[in-house]
Amino acid sequence: MAFQPQPDDALVVVDVQNDFCPGGALGVPDGDQVVPVINQLAPRFATVVVTQDSHPAGHSSFVEQGGPWPVHCLEGAHGWELHPELDVQADFNVYKGRDRELDGYTGWNAELAEFLRKRGVHRVVVTGLALDYCVKATALDARAAGHETVVLTDATRPVDVQPGDGKRALDELRQAGVREDTAA
Ligand SMILES: [Zn+2]
């Protein structure tokens with residue numbers, strides 16, 4: 001039974017960018033495999049939000065600045081662009097990680113919250129990359145903002161820096177009251 005979107009759902013597509021797909025600066029294993037799943041899903045939602053990790057040079061998350069990650073998603077660069085096969089019409093775009101000092105994991109912010117409130121969105125359905133960082137952070141913030149929140153496990157992948165990080169992320173989400181489902 002495929003996931004059934006409701007009219008007051010919003011689909012959030014997190015960071016399906018070249019740098020997070022295989023071959024990218026911070027490639028998530030099989031990250032590109034979420035693309036066809038999300039392409040099938042998106043037209044069935046009345047509201048679609050697309051986030052992009054959007055860093056300036058010298059961002060605090062980069063190794064050279066003492067952060068955990070290689071340079072990735074420099075705003076405007078090829079690696080920052082959405083995967084070329086992602087075929088999604090966004091009603092709202094979030095460009096996160098522009099603040100040099102903040103990790104930028106979450107796609108949630110006050111402007112998005114206000115947009116969803118005006119649209120009458122009740123449930124937030126989170127997909128994209130990577131499960132154990134930006135998908136998790138976005139879903140936790142949507143839940144904390146009072147939305148019923150679902151993560152579609154076949155429309156996300158973990159980076160799994162430590163084996164099991166993806167599974168631990170799902171445990172943490174469950175404990176916060178985020179539901180799991182599958183797109184297909
Ligand atoms: Zn980043």
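This is a predicted model: local features need pLDDT of at least 70, side-chain atom pairs count only at pLDDT 80 or more; totals for chains, interfaces and linings use all residues.

User: Which residues are the protein donors of the zinc ion?

Analyst: They are Asp 53 through OD, His 55 through NE2 and His 72 through NE2, lying 2.0 to 2.1 Å from the zinc ion.

User: And where do His 55 and His 72 lie?

Analyst: Both are in the loop between strand 2 and strand 3 (92-96), so the pair ties together parts that are 17 residues apart in sequence.

User: Is His 55 buried or exposed?

Analyst: Buried, because its relative accessibility is 2% and the cut-off for buried is under 20%. His 72 counts as buried too, at 4%.

User: OK, something else. What does Asp 19 touch?

Analyst: Leaving out residues up to four places away in sequence, Asp 19 touches Gly 24, Ala 25, Leu 26, Gly 27, His 72, Cys 73, Gly 79 and Trp 80. One of those, His 72, is also a zinc donor. Asp 19 itself lies in the loop between strand 1 (9-14) and helix 1 (34-41).

User: How far away is the nearest side chain of opposite charge?

Analyst: For Asp 19 that is Lys 96, 12 Å away. Asp 19 is buried yet has no salt bridge.

User: Let's move to helix 1. Which of its residues are buried?

Analyst: Val 34, Val 35, Ile 38 and Leu 41. These residues cover an arc of only 130 degrees around the axis, which puts them on the same side of helix 1.

User: What covers them?

Analyst: The cover for the buried residues of helix 1 includes strand 1, strand 4 (123-129) and strand 5 (148-157).

User: Last topic: how many aromatic pairs does the structure hold?

Analyst: There are 5 aromatic pairs. Among them is the one between Phe 3 and Phe 45, which is stacked, with 6.4 Å centre to centre and 10 degrees between the planes.

User: Where do Phe 3 and Phe 45 sit in the chain?

Analyst: Phe 3 is in the segment before strand 1, while Phe 45 is in the loop between helix 1 and strand 2 (47-53). They are 42 residues apart, and the pair links distant parts of the chain. Phe 3 is buried, with a relative accessible area of 3%, and Phe 45 is buried as well, at 7%.

User: Which residues form an aromatic cluster?

Analyst: Trp 69, Tyr 105 and Tyr 133 form one.

Methods: Residues are numbered from 1 along each chain as its sequence is written. Side-chain values use heavy atoms; hydrogens and water are left out. Helices (H or I, at least four residues) and strands (E, at least two) are DSSP runs, numbered from the N terminus. Buried means under 20% relative accessible area, exposed over 50%, partly exposed in between (1.4 Å probe, protein chains only). Lys and Arg count as positive and Asp and Glu as negative; His and the chain ends are not counted. A salt bridge is a side-chain nitrogen of Lys or Arg within 4 Å of a carboxyl oxygen of Asp or Glu. Contact means heavy atoms within 4.5 Å. The arc is that of the directions from the helix axis to the C-beta atoms. Rings of Phe, Tyr and Trp (its six-membered ring) pair if their centres lie within 6.5 Å; planes under 30 degrees apart count as stacked, over 60 as edge-to-face and the rest as tilted. Donors are N, O and S atoms within 2.8 Å of the metal (3.2 Å for Na, K and Ca); water is not among the atoms, so sites may look incomplete.
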